[in-house]
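Please examine the chain shown here and consider how its fold may be described.

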Amino acid sequence: MSDSAVFGDGTRAVRAGLPEPVKHEPTLPGPVFAAHYHLPGDPTGPYTYGRDENPTWTLLERAIGELEAPGQDDAGTLVFSSGMAAISAVLFSQLRAGDVAVLPNDGYQALPLVREQLEAYGIEVRTAPTAGDAQLDVLDGAKLLWIETPSNPGLDVCDIRRLTEAAHARGCVVAVDNTLATPLGQRPLELGADFAVASGTKQLTGHGDLLLGYVVSGDAGLMTAVRRWRKIAGAIPGPMEAWLAHRSLATLHLRADRQSANALAVAEALKGRPEVSGLRHPGLPDDPAHKVASQQMRRYGCVVSFSLPTRARADRFLDALCLVDDATSFGGVRSTAERRGRWGGDAVAEGFIRFSAGVEDSDDLVADVLRALDESAR
C-alpha cells in the first residue's frame with residue numbers, strides 16, 4: 001500500500017497488504033493451496049515450492065509489515081505456524097554455542113523451556129525482571145536481548161528505546177515480543193529494536209480460530225538467517241490460516257479500540273473491590289507501568305491481571321461469570337479469563353487471574369465481573 005506511513009491505524013489495517021485491483025478479481029484473493037508450482041527450466045521467480053513461499057503468505061506478510069513498520073520499505077516480514085515458531089526462529093537463528101542471551105524472567109510461560117533448550121546448545125542465558133529496565137544489569141557481553149513488554153501475565157513494562165540503545169552500544173541484537181501490545185499498541189522497530197516478534201494467534205487476528213506467528217525486521221542480513229531457519233524447521237502456516245489472518249486484520253483497529261476501552265473499564269471497576277489485590281493494567285493512571293507505557297504505547301491492550309485471596313475464590317469467580325469464557329490465551333472478541341496458576345509455569349499466586357477483555361458492551365462486561373465477584377464471596 002503506497003504511502004502507508006501517512007495513514008491512520010484504521011485505514012492502514014483495512015487496506016494492509018491488498019494487491020493492486022484487477023477487474024473482476026476479488027479484493028482479497030482466496031487462499032492458494034499448493035505444494036508445488038509449474039516450474040519449467042531454471043527455478044527462478046518467487047514461487048517454487050510450498051515450504052518456501054506461498055502467494056497467500058506474501059499478501060499477509062506485506063500486510064503485517066505495513067502495520068509493524070509503516071513507511072519502512074526495507075523492512076521484511078516472515079509468517080510462521082505459531083508464535084513459538086516465530087520466537088524459536090529468531091533465537092535459534094541468531095545464537096550459537098558460547099553466545100549469551102538475556103531473557104525476561106517474568107515473560108511468557110514457555111520461555112523457561114526455551115532457556116533449557118538454549119542452554120543445552122551451549123548458550124548462556126541470563127534473566128532479569130521486565131520492570132525497572134532490570135535487564136540492563138545483565139547485558140554486558142550479550143549477543144541477543146529478548147524483551148517482552150507488556151509482560152505476560154504480570155503486565156510490567158520496560159523502556160524499549162532505553163534498553164535498545166544500551167544493547168546496541170554493546171553490540172547486542174534486540175528482539176521485542178509485541179504480542180500483547182500488537183502493532184496498533186506499539187511499534188518496536190520505530191523504538192530501535194532489530195526484531196518485532198509476535199503471536200498472531202492472539203489479538204492480531206482476534207477470533208481464537210487459528211495459530212500464527214510472525215517476525216519483522218529492517219535488517220536484511222538478520223532476516224536471511226530467520227528465513228533459513230524457517231526453511232529448515234518447516235514451521236510454516238497453512239494457506240487457510242494465512243488467509244483468515246489477513247481477513248481478520250481489517251477489523252484490528254476496531255477490536256483494539258473496544259478491547260482496550262473494555263479492559264480499562266474492568267480495571268477501574270476492580271479498583272474499589274477489597275478482595276482484589278495486585279491489580280495491573282498499563283492504562284490505569286496509578287499503575288506502576290503507566291508512565292513508561294504512555295511514552296511508547298498508543299493503546300494499552302486488552303489484558304487485566306489481578307489476584308483473589310484464594311484458589312477456591314478464584315475458581316468460584318470464574319465459574320460465576322456469564323459473559324466471560326474460562327479459557328487460556330487472550331485477545332479474542334469474546335472475553336476470557338483464567339487462573340494462571342493452573343498451568344504451573346508462571347510465578348503467580350494461586351488466586352491470580354489473567355482477564356482478557358473482548359468486544360462486548362462495556363456496561364454488560366463490568367456488570368458481569370462485579371456480579372461474579374459478589375457471588376464468589378458466598
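Q: What is the radius of gyration of the chain, and what would a compact globule with 378 residues have?
A: The model is predicted. Its C-alpha trace spans about 75 × 55 × 35 Å along the principal axes. A compact globule with 378 residues would have a radius of gyration near 21 Å, and the chain agrees with this, at 21 Å.

Q: What percentage of the 378 residues is buried?
A: Buried here means under 20% relative accessible area. The accessible surface of the chain comes to about 15,700 Å², with 53% of this belonging to carbon and sulfur atoms. Of the 378 residues, the buried share is 55%.

Q: Which strands stand at the edges of the open sheet of 5 strands?
A: The pairing in this sheet is mixed, and the order is β8-β9-β12-β11-β10. An edge strand has a single partner, so one side of it is left without a neighbour in the sheet; this applies to β8 (277–280) and β10 (325–326).

Q: Which residue of β12 is the bridge partner of Val-303?
A: Strand β9 covers residues 303–307 and strand β12 covers residues 352–356. The two pair in the antiparallel sense over 5 bridges. In β12, the partner of Val-303 is Ser-356.

Q: Which helix packs on the sheet, and what angle does its direction make with that of β9?
A: The chain has 11 helices and 12 strands. Helix α8 (residues 252–270) touches β8, β9 and β12.

Key
Residues are numbered from 1 along each chain as its sequence is written. This is a predicted model: local features need pLDDT of at least 70, side-chain atom pairs count only at pLDDT 80 or more; totals for chains, interfaces and linings use all residues. Side-chain values use heavy atoms; hydrogens and water are left out. Two strands pair if DSSP finds at least two bridges between them. Helices (H or I, at least four residues) and strands (E, at least two) are DSSP runs, numbered from the N terminus. Contact means heavy atoms within 4.5 Å. Axes are lines fitted to C-alpha atoms, for helices over the stretch in contact, and angles run from 0 to 180 degrees between N-to-C directions. The radius of gyration is taken over C-alpha atoms; the globule rule is 2.2 Å times the number of residues to the power 0.38. Buried means under 20% relative accessible area, exposed over 50%, partly exposed in between (1.4 Å probe, protein chains only). Accessible areas come from the Shrake-Rupley method with a 1.4 Å probe; for residues, only the protein chains shown count as cover.
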